[in-house]
Amino acid sequence: MSTDMPTDYPHLNDVATDQMAWTAAERIRSIQEGSWLPYARAKEVIGRMEDLLNYPRITRMPNMLLVGPSFSGKTSILERFVNTHPPDIDPDGECTICPVVMVEAPTKPDASDFYSRILQALMSPYKPTSSPAERYYQVKVLFAQLKVRLLIIDEIQHLIAGSLNRQREFRNAIKSLGNETKVTIVAAGVEDAFNAFNIDPQMSSRFVPEVLTRWRADETFGSLLATLERRTPLRYPSGLDEPGLMLRIHSLSEGMLGDFCDLIKTAAIDAIRSGAERITLDQIADLQWTPPSKRKQSVRPN
């Protein structure tokens, strides 16, 4: 290590400062793993989900439709919520409480597959030959036994991948499950999710939309970049929130949360491997990084 290396790191938070004692490989692994980023909009959505989780059982339970473009942070928010409400396992094995269940919607609107995914999430065996009605009954029994209060259905835009009849059947399956179990449902997906729900007035009225949008290159975006920099264990400050670097990061990521986080991860790892230990405009220009909107246009090598 060079003798002119810094020995303190005022540009980092306490966790990242401690990581500076690690090897380069360990720091890279930490950057790759990432961490939860509690920005304001995410906290708002999670707060709304907490309200739904604790809502009293009434005839018409409130629900949420979380909508945003790909890489806008939807799944990260959902997984964060699930992780903060893990199953409460009775050490005597007599009763397990599972307040939150999360599944991914079937790739096509299929009620039987939907019930199967819930049973798998609850690690409950079922007969492959069982009918949709039998699986539905099993789900209802388990929801009561495990005291499930909130069901998350991710990638709900898959609903529109089938015929109108299959779409209607799947929407009815969701409605019936919510009505009969009094479980709150949070559905999430890309913008097509609006089309999946708006065709049915009952669904659109029951599911209150929460929308995640692209970030604008403003002070809030700069503040988020500064937070990311404080968490990224590099020896020297990068000034990610400085106008030139901020605008370049925003342009390359097109304001998508997942993309600018991945861009910063890629740049930080490159900075460690090169020994530069900071992210710069020139370095980002040299990265093999394709903006999201251009990826489909990229020519595949022969």
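How much space lies in the largest cavity? About 90 Å³. Before we look inside, a word on the ground rules. This is a predicted model, where local features need pLDDT of at least 70, side-chain atom pairs count only at pLDDT 80 or more, and totals for chains, interfaces and linings use all residues. Residues are numbered from 1 along each chain as its sequence is written, and side-chain values use heavy atoms, with hydrogens and water left out.

**The cavities**

Rolling a probe the size of a water molecule over the atoms shows where empty space is left. Here, a search of the whole structure turns up two cavities of 30 Å³ or more. A cavity is a set of points, on a 1 Å grid over the protein atoms alone, where a 1.4 Å probe fits but cannot get out; lining residues have an atom within 4 Å of a point. Grid points are joined across faces, edges and corners, and the volume is the space filled by probe spheres set on the points.

The largest cavity has 13 lining residues, and N63, K175, G178, N179 and R206 lie nearest its centre. Helices α7 and α9 (201-206) each supply at least two residues of that lining, with α7 giving the most, four residues. Helices (H or I, at least four residues) and strands (E, at least two) are DSSP runs, numbered from the N terminus.

**The sheet**

On to the strands. Five of them form an open sheet in the order β4-β5-β6-β1-β7, with parallel pairing; two strands pair if DSSP finds at least two bridges between them. β4 and β7 (207-211) are at the edges with a single partner strand each, so one side of each has no neighbour in the sheet. From one strand to the next, the twist averages 20°. Axes here are lines fitted to C-alpha atoms, for helices over the stretch in contact, and angles run from 0 to 180 degrees between N-to-C directions.

Strand β5 (residues 150-154) is largely enclosed by the rest of the structure, because five of its five residues are buried. Buried means under 20% relative accessible area (1.4 Å probe, protein chains only). Both faces are covered: L150, I152 and D154 sit on one side, L151 and I153 on the other.

**Two buried residues**

E277 belongs to the loop between α12 (257-274) and α13 (281-286). Is E277 buried or exposed? E277 is buried, with a relative accessible area of 4%. Setting aside residues up to four places away in sequence, E277 touches R27, P233, L234, R235, Y236, A271 and I272; contact means heavy atoms within 4.5 Å. E277 and S238 are 39 residues apart in sequence and 8.7 Å apart in space, C-alpha to C-alpha.

Q19 is in helix α1 (residues 14-19) and is buried too, at a relative accessible area of 8%. Beyond its neighbours within four places in sequence, Q19 is in contact with R27, S30 and P233.

Technical notes
Buried means under 20% relative accessible area, exposed over 50%, partly exposed in between (1.4 Å probe, protein chains only). On a 1 Å grid over the protein atoms alone, a cavity is a set of points where a 1.4 Å probe fits but cannot get out, and a pocket is an open set with protein on both sides within 12 Å along at least five of seven lines; lining residues have an atom within 4 Å of a point.
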